[in-house]
Amino acid sequence: MAPASLTRLTNPLPCASPSPRCRRRPGRSPPARAAACGVVSRRRAVSEMAILGGAAAAAASCCVDLFFAHMPARAATLEPDVIRYRKLDSGVKLEDVVDGEGPEAREGDVVQFNYVCRRANGYFVHSTVDQFSGESKPVTLALDGKEMIRGLKDVIVGMKTGGKRRALIPPQVGYTDESLQPIPEEFGPRRSLLSHAKEPLVFEVQLLKVL
């Protein structure tokens, strides 16, 4: 009869494919054979786990080495890009994307430009450039503050031909009047734009000409 300590042992790693040591031998009782099988199975499992663990650690080390080999030494210390913008007295926040060339547009000049208008959350509202064909219908307006919304006038003043700016225009210097330009001629886009007149709007402007 096997000792009590062996008969109460529960094998946590059953022997799925018995080794020759686990096979039935004449004269060995079933409990003793089961205990021997459990010991061999556990030893094999521990050994295999150690091998797999070593291989995984080596692979991980290799991947880390490759990762850092291609990473610049200062990459880990880089901070996310910070958008540099300036705030005007009117409350408009603008950023120069492309500087452009030639003389600057001044208040009172007549200018020709393309623009894309979006809500502050990025939702598209209107554009003078067709998103599918690429065809553009530039706007020509005077920078006098009477015809054009004030916020957009403040954005264009100081721009050079070919220049691009991105700006956040608050509603108090935006479409305070439905007659202000620029505004789409088509009913649908016009209605869409005016429906967002009481919220900040993002304009991306490209100056084409100073006339």
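The largest pocket of this predicted model has a volume of about 470 Å³. A pocket here is an open set of points on a 1 Å grid over the protein atoms alone, with protein on both sides within 12 Å along at least five of seven lines, and its lining residues have an atom within 4 Å of a point. The volume is the space filled by probe spheres set on the points, which are joined across faces, edges and corners. Of the 20 residues in the lining, His-126, Ser-127, Thr-128, Lys-137 and Glu-186 lie nearest the centre. Strands β5 (124–127) and β6 (139–142) each supply at least two lining residues, and β5 gives the largest share, with three. By type, the lining divides into 10 nonpolar, five polar and five charged residues; Ala, Val, Leu, Ile, Met, Phe, Trp, Tyr, Cys and Pro count as nonpolar, Asp, Glu, Lys and Arg as charged, and the others, Gly among them, as polar.

A cavity is a set of grid points where a 1.4 Å probe fits but cannot get out.

Now follow the strands, which are DSSP runs of E with at least two residues, just as helices are runs of H or I with at least four, numbered from the N terminus. Strands pair if DSSP finds at least two bridges between them. Antiparallel β1 (residues 86–87) and β2 (residues 93–98) are joined by two bridges, with Arg-86 partnered by Leu-94. Five residues separate these strands in their hairpin, where Gly-91 takes a positive phi near 100°. On β2 there is also antiparallel pairing with β8 (residues 164–169), over five bridges, and here Leu-94 is partnered by Ala-167.

Leu-94 leads us to Asp-154, which touches Leu-88, Ser-90, Leu-94 and Arg-165, leaving aside residues up to four places away in sequence; contact means heavy atoms within 4.5 Å. Asp-154 sits in helix α3 (residues 150–156) and has a relative accessible area of 18%, so it counts as buried (under 20%, with a 1.4 Å probe and protein chains only). Its side chain makes a polar contact with that of Ser-90 at 3.0 Å.

Residues are numbered from 1 along each chain as its sequence is written. Local features need pLDDT of at least 70 and side-chain atom pairs 80 or more, while totals for chains, interfaces and linings use all residues, and side-chain values use heavy atoms, without hydrogens or water.

Methods
Buried < 20%, exposed > 50% of the residue type's maximum accessible area, 1.4 Å probe, protein only. Polar contact = N/O pair within 3.5 Å; in protein donor to acceptor, adjacent residues only side chain to side chain.
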